[in-house]
Amino acid sequence: MSNPSSACPMHGGASIVRQEGAQLDFSQAMSYGDYLHLDPILSAQHPLSPAHDEMLFIIQHQTSELWMKLMLHELRAATAALADASGSTRADAFKMLARVSRIMEQLVNAWSVLSTMTPPEYSAMRPYLANSSGFQSYQYRCIEFALGNKNPAMLTPHAHRADLLAQVRAAYEAPSLYDVSLQLLAREGIAVPADRLERDWTQPYEASEGVKQAWIAVYRDPQRYWDLYQLGEKLADIEDAFRLWRFRHLTTVERVIGFKRGTGGTGGVSYLRKMLDIVLFPEIWALRTDL
């Protein structure tokens with residue numbers, strides 16, 4: 001008769017672990033939790049209200065900030081790689097930009113989890129938020145600036161923290177991903193208007209017929225300009241994903257709070273709808289009509 005314990009799933013699992021030689025003693029070694037600093041991360045959720053759903057609200061926004069940290073890491077590196085005149089890091093830049101689009105997909109999906117919060121559930125915790133709002137996220141503002149949506153008023157919410165203001169201002173004053181992309185087109189022999197290659201980087205980008213014609217030249221001869229063609233499509237991917245992110249933000253807010261004003265003082269849904277009209281890389285979209 002077989003040993004009954006051999007049929008126990010838990011017993012079998014322990015046996016497999018031993019057979020595989022997995023390390024089980026971490027008294028003198030770095031563990032998974034040590035490497036990821038899980039103690040401070042998992043101890044960083046401090047609900048202020050008695051509402052059960054505040055934990056969801058906190059974790060959704062904290063994880064979004066972590067994804068945004070990675071997005072900025074990739075955007076900054078990709079922008080620097082595209083600015084490299086040697087062209088040796090261009091393939092790296094394309095990989096990073098593709099990753100940015102995938103990160104945005106994660107951020108879009110996060111809204112689906114938050115949308116399980118009903119209006120009464122949000123109302124139970126909303127007074128405890130005071131004036132705090134995602135509108136004040138310095139990482140989100142750096143992303144907007146890195147993608148070219150420059151607005152000096154958006155520096156003000158960070159004026160109370162010199163360290164954060166310095167980061168946001170640096171993104172505000174630097175050329176955007178699109179600015180650097182146009183400079184790359186020019187280095188590759190594509191005619192780009194001079195006023196789009198050297199300008200005041202703090203000003204929002206304005207569409208240019210000359211820039212549209214530059215991109216059309218690339219798209220009409222993709223074999224000759226394969227890298228630039230790939231770049232154009234990577235930019236389209238990023239803006240496509242960014243639009244979905246903004247749209248899901250809008251629909252989630254409308255679903256949860258309706259047309260109430262946002263905790264940060266904006267009109268809420270009305271403000272988010274205006275953000276949908278912003279086009280980051282206008283010629284990338286306009287050229288499709290002319291091809």
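User: At what distance from the ring centre does arginine 288 lie over the face of tryptophan 285?

Analyst: This is a predicted model, in which local features need pLDDT of at least 70, side-chain atom pairs count only at pLDDT 80 or more, and totals for chains, interfaces and linings use all residues. Residues are numbered from 1 along each chain as its sequence is written, and side-chain values use heavy atoms, with hydrogens and water left out. A charge is taken to sit over a ring if NZ of Lys or CZ of Arg is within 6 Å of the ring centre and within 35 degrees of the ring normal. Arginine 288 lies over the face of tryptophan 285, and its distance from the ring centre is 5.7 Å.

User: How many residues apart are tyrosine 140 and phenylalanine 242, whose pair links distant parts of the chain?

Analyst: Tyrosine 140 and phenylalanine 242 form a tilted aromatic pair, with 6.4 Å centre to centre and 35° between the planes. Helices (H or I, at least four residues) and strands (E, at least two) are DSSP runs, numbered from the N terminus. Tyrosine 140 belongs to helix H7 (residues 138–146) and phenylalanine 242 to helix H11 (residues 226–257), a separation of 102 residues.

User: Are tyrosine 140 and phenylalanine 242 buried or exposed?

Analyst: Buried means under 20% relative accessible area, exposed over 50%, and partly exposed in between (1.4 Å probe, protein chains only). Under this scheme tyrosine 140 and phenylalanine 242 are both buried.

User: Which helix holds tyrosine 172, the partner of phenylalanine 145?

Analyst: The rings of phenylalanine 145 and tyrosine 172 have centres 5.4 Å apart and planes at 50°, so this pair is tilted. Phenylalanine 145 is buried at 1% relative accessibility, and tyrosine 172 is buried at 8%. Because phenylalanine 145 lies in H7, the pair ties together parts 27 residues apart in sequence, and the helix of tyrosine 172 is H8 (residues 162–173).

User: Which residues does leucine 272 contact, leaving aside neighbours within four places in sequence?

Analyst: Leucine 272 is part of helix H12 (residues 269–276) and counts as buried at 10% relative accessibility. Its C-alpha is 9.8 Å from that of glutamate 254, a residue 18 positions apart in sequence. With contact meaning heavy atoms within 4.5 Å, the partners of leucine 272 are His249, Leu250 and Val253.

User: What is the relative accessible area of glutamate 239?

Analyst: Side chains of opposite charge can pair when their charged atoms come close. A salt bridge is a side-chain nitrogen of Lys or Arg within 4 Å of a carboxyl oxygen of Asp or Glu, and glutamate 239 meets arginine 243 in one at 3.6 Å, N to O. Both lie in helix H11, four residues apart, about one turn of the helix. Arginine 243 is partly exposed at 31%, whereas glutamate 239 is buried with a relative accessible area of 1%.

User: How many salt bridges does the structure hold?

Analyst: One of them joins aspartate 163 to arginine 161, with the closest N and O atoms 2.8 Å apart. Another joins aspartate 195 and arginine 196 at 3.2 Å, N to O. Arg90, Glu188 and Asp227 are linked in a network of salt bridges. The total number of salt bridges is 14.

How values were computed
Phe/Tyr/Trp six-rings, centres within 6.5 Å; stacked < 30°, edge-to-face > 60°.
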